[in-house]
Amino acid sequence: MKYENLLPVDGEVYLFPEMFDQPTSNELFAVLAQTINWKQEPVKIMGREIMQPRLTAWYGDEGMAYSYTGITMHPLPWTAELLKIKKAVEELSGENFNSVLLNQYRDGCDSVGWHRDNEKSLGINPAIGSVSFGESREFSLKHHKDKKLQKKIILENGSFLLMKGETQHKWLHSIQKKPGIANSRINITFRTIKVI
């Protein structure tokens, strides 16, 4: 099946709405919620230290540390469930990943602000493979220069979003607060660390 690039310019974003069926997605959500070593860590934003408004975890190949917003995360070993998801993501995308950042949005008050995954350690034009389980959330994109260029994508249970090309250099993305949402979402973003 051919998938459409959802960005008008300067990057590539592809949505695979039902990468995992609902029973599998629900099972993986339950296991990840219970077994991942979730943490809430402080980050530095404009010189101030604040607690991230979500839970995070970092898993991957040995030595694949990841630094962003004033914190450095050292990888925990892959779990069986993460390797199962990684295999499916790599087969579908044609990419190879060596690490994964997990985010748990406990309810609609949890969020992530506008940012680009353009850290030096990810290299030029990094591919980011994002799998969602649990509650649907709106994924927002806006062009970093032409703010009129915007895109909103609903990421549902079992969906896979692939970002590649210039996306991380030319577009910002976020998950905005939605206070009416009571249920949790787990997002798994596969990456390839290039520079250690």
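Where does S159 lie? The legends below take up this residue, then its neighbouring strands, an open sheet and a pocket. The model is predicted.

**View 1. S159 in its loop.**
S159 lies in the loop between β11 and β12. The residue is buried, with a relative accessible area of 1%. That value counts as buried because the cut-off is under 20% relative accessible area. The side chain of S159 has a polar atom 2.8 Å from the backbone oxygen of E156.

**View 2. Strand β12 and its two partners.**
Strand β12 covers residues 160-164. Of its 5 residues, 4 are buried, so the strand is largely enclosed by the rest of the structure. Strand β1 (residues 12-16) pairs with β12 in the antiparallel sense, over 5 bridges. β9 also pairs with β12 in the antiparallel sense, here over 4 bridges. L161 is a residue to look for in both pairings. L15 stands opposite L161. S130 has L161 as its bridge partner in β12.

**View 3. The open sheet of 4 strands.**
The strand order is β8-β13-β10-β11, and the pairing is antiparallel. Which strands stand at the edges? They are β8 and β11 (150-155). Each has a single partner strand, so one side of each is left without a neighbour in the sheet. Neighbouring strands of this sheet are turned by 15° against each other on average, direction ignored.

**View 4. The pairing of β10 with β11.**
Strand β10 spans residues 137-143. It is joined to β11 by 6 bridges, and the two run antiparallel.

**View 5. The largest pocket.**
Its volume is about 480 Å³. The lining is made up of 29 residues. Which of them lie nearest the centre of the pocket? They are R54, Y68, V112, G113 and H115. By type, the lining divides into 14 nonpolar, 9 polar and 6 charged residues.

**View 6. Strands that line the largest pocket.**
Several strands each supply at least two residues of the lining. Among them are β2 (42-45), β5 (66-68) and β7 (99-105).

How values were computed. Residues numbered from 1 in each chain as written. Predicted model: local features only at pLDDT ≥ 70, side-chain atom pairs only at ≥ 80, totals over all residues. Heavy atoms only, no water. 1 Å grid on protein atoms, 1.4 Å probe; cavity = no way out; pocket = protein on both sides within 12 Å on 5 of 7 lines; lining within 4 Å. Points joined across faces, edges and corners; volume = space filled by probe spheres on them. Nonpolar A, V, L, I, M, F, W, Y, C, P; charged D, E, K, R; others polar. Buried < 20%, exposed > 50% of the residue type's maximum accessible area, 1.4 Å probe, protein only. Pairing = 2+ DSSP bridges. Axes fitted to C-alpha atoms, helices over the stretch in contact; angles between N-to-C directions. Polar contact = N/O pair within 3.5 Å; in protein donor to acceptor, adjacent residues only side chain to side chain.
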